[in-house]
Amino acid sequence: MVDESVPEGQSKAAQADQLPEAEPAVAAETKGSATAAAATASAAPARPVAKGGSDGAEKVPGAKPTGARRQLDEREQFGEPSAWIRDALRQTPSWLVSMVVHMVLLLGLALLTLPEAVTDELRQLVIAPEKDEQLDDLEELDYEPPEDIDVSTELSAVETEIEPTDVEISPADDVEAAAVAVELSDFGFERAPRNDLLAMVGAYTGDGLSGRGTKARGGLVKKYGGTPASEKAVAAALKWLAEHQFYDGGWSFKHTRAPSCGGQCRNPGRLEDARIGATAMGLLPFLGAGQTHKSGKYKATVKNGLYFLVTKMKRTPQGGNLWEPGGRMYSHGLASIVLCEAYAMTHDKGLHQPAQAALNFICYAQDPVGGGWRYEPRQKGDTSVVGWQIMALKSGHMAYLRVPPITVKKAFQFLDSVQADSGANYGYTGPGKGDATTAIGLLCRMYLGWKKDHPSLNRGVEWLSNKGPSKGNMYYNYYATQVMRHWGGDEWEKWNGVMRDQLVNSQARGGHEAGSWYMPGGDLGSREGGRLYCTSMATMVLEVYYRHLPIYRKKSTEEDFPE
Ligand SMILES: [Zn+2]
């Protein structure tokens with residue numbers, strides 16, 4: 001269904017492409033009229049040439065016009081374009097020449113503004129295809145004066161007091177029961193169709209998130225190498241995250257602007273605009289720990305965060321768009337993971353549509369040629385952005401949402417195009433051996449069906465294992481930790497011992513920063529996303545014991561959690 005709608009969406013996008021161009025052009029016309037007049041004056045010397053034959057050959061029956069006509073005929077016949085034009089000009093009424101000159105000038109001016117218009121308009125297209133409806137609605141909400149909320153903070157968007165009407169519909173489900181297939185029979189017709197391609201994909205099962213329930217979690221922490229200290233660190237991190245939520249339910253990478261913080265914590269990120277991405281990063285660690293809007297200590301926190309994301313989503317013919325300046329398709333991918341996970345864990349019917357719509361947009365945004373994703377929809381892909389979109393598709397599939405096999409198939413192709421050493425390593429936009437890109441590529445391969453005995457996967461894991469966890473690069477650590485955890489065995493134990501203790505020991509303990517992390521200079525993320533980004537990534541690394549069930553586990557789920 002989704003892939004069918006893509007060509008339609010594409011053509012609509014192409015139409016839409018052209019619409020807003022009219023505006024800058026018109027603006028240029030009015031703005032440029034004075035300039036155009038001046039330009040015409042300077043072009044005037046060309047016009048007297050035309051004066052002689054101003055009324056055309058037909059009106060004056062003299063020799064001159066006749067000769068001119070003959071000349072014209074001859075030249076037309078023998079093809080002397082420049083002379084032909086000169087003569088034609090001579091015989092053209094001056095008003096016509098003037099009009100043509102003006103038109104050319106105006107066209108030129110319009111073209112001059114075009115490059116800017118295109119970029120601008122691309123953003124508009126991507127951000128707000130339904131500008132009139134959606135944005136106006138949001139702005140109205142945004143400027144509604146809050147009742148008992150500090151208005152002096154930077155953010156005008158205050159929605160904490162508004163009861164989300166479209167988020168909470170179904171009765172509460174407990175987390176333990178969340179992934180049980182029986183629960184899904186209520187909306188069986190909306191379930192992802194089982195098909196061969198997806199059936200072979202190891203992690204695409206409905207119980208991949210079931211480790212997050214409190215009962216399962218305790219056993220998994222112990223079994224897979226977590227400690228009371230690592231669990232304590234997760235608890236402290238969730239507290240810090242909750243304290244840095246904004247009144248509107250969202251987060252910002254400039255966490256210093258959170259009302260309760262007021263700059264007490266250092267290292268704000270630079271991506272202030274990317275509030276959707278920041279909110280997704282704020283929410284993911286809660287979901288990873290089994291905290292949802294239906295159950296757990298942080299119900300209200302999660303609910304307000306989900307509400308923020310759902311209301312920021314723009315409905316477009318291509319799906320639910322969570323693209324934003326700054327975070328771009330990163331934001332969309334991250335927020336999609338949140339919506340899919342929250343839906344998978346709670347079966348809240350109010351989240352079904354937003355989650356599916358977000359996935360639809362991912363399918364639309366895929367590069368139709370190379371199968372990847374990048375900053376803008378349909379751009380040629382890079383491994384980093386691809387990683388988040390594949391994680392979102394995987395979460396969606398675990399939630400029994402629709403993920404077209406063709407999208408998965410094309411994503412395979414993208415991975416092929418950036419792999420090195422037959423798939424043991426991965427580059428960014430072409431074959432290579434980057435640390436983070438290799439970890440991302442391998443995790444994607446695991447999720448997309450490579451079995452544990454795949455030789456390239458073996459070599460890749462060995463490569464990561466020899467490198468070990470990074471001191472500061474949390475992007476690499478986040479993906480590599482998941483790869484090693486799914487891999488299991490001695491490699492995992494070795495990796496986990498270092499990674500876990502490094503994080504537990506580097507967590508901030510004093511003041512408002514308590515419970516957070518900041519690793520300077522590790523990867524771009526720490527500079528762009530600051531302390532919020534580092535804290536979110538570190539927390540998810542420490543949740544690795546239960547956040548996702550291992551792909552290559554040998555026994556059934558029941559045997560994984562003996563009661
Ligand atoms: Zn703070």
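Student: In which handedness does helix 11 pass helix 21?
Tutor: In this predicted model, the crossing of helix 11 past helix 21 is left-handed.

Student: And at what angle do helix 11 and helix 21 pack?
Tutor: Helix 11, residues 275-288, packs against helix 21, residues 524-542, at an angle of about 25°, and their axes are 9 Å apart. Because of that angle, helix 11 counts as roughly parallel to helix 21.

Student: Which residues make the contact?
Tutor: From helix 11 the contact takes A278, M281, G282, L284, P285 and G288, while helix 21 supplies G529, L532, Y533, S536, T539 and M540. Sorted by class, the contact has seven nonpolar residues and five polar ones, with no charged residues.

Student: Switching to helix 19, is that one buried or exposed?
Tutor: Helix 19 is mostly covered, with 14 of its 14 residues buried. Helix 19 spans residues 474-487 and reaches 19 Å from its first C-alpha to its last, which is close to the 20 Å expected at 1.5 Å a residue.

Student: What comes just after helix 19?
Tutor: G488 follows, and it takes a positive phi of about 80°. As for helix 20, residues 489-506, its axis and that of helix 19 come within 7 Å and cross at roughly 145°, in a left-handed crossing.

Student: Which residues make that contact, and how do they divide by class?
Tutor: On helix 19 they are N477, T481, M484, R485 and W487, and on helix 20 they are G489, E491, W492, W495 and M499. The contact of helix 19 with helix 20 divides into five nonpolar, three polar and two charged residues.

Notes:
Residues numbered from 1 in each chain as written. Predicted model: local features only at pLDDT ≥ 70, side-chain atom pairs only at ≥ 80, totals over all residues. Axes fitted to C-alpha atoms, helices over the stretch in contact; angles between N-to-C directions. Helix = DSSP H or I, 4+ residues; strand = E, 2+ residues; numbered from the N terminus. Parallel < 35°, antiparallel > 145°, perpendicular 65-115°, else oblique. Left-handed = near helix turned anticlockwise from the far one by under 90°. Contact = placed C-beta atoms within 7 Å. Nonpolar A, V, L, I, M, F, W, Y, C, P; charged D, E, K, R; others polar. Expected span 1.5 Å × (residues − 1). Buried ≥ 20, exposed ≤ 12 C-beta atoms within 10 Å, placed from the backbone.
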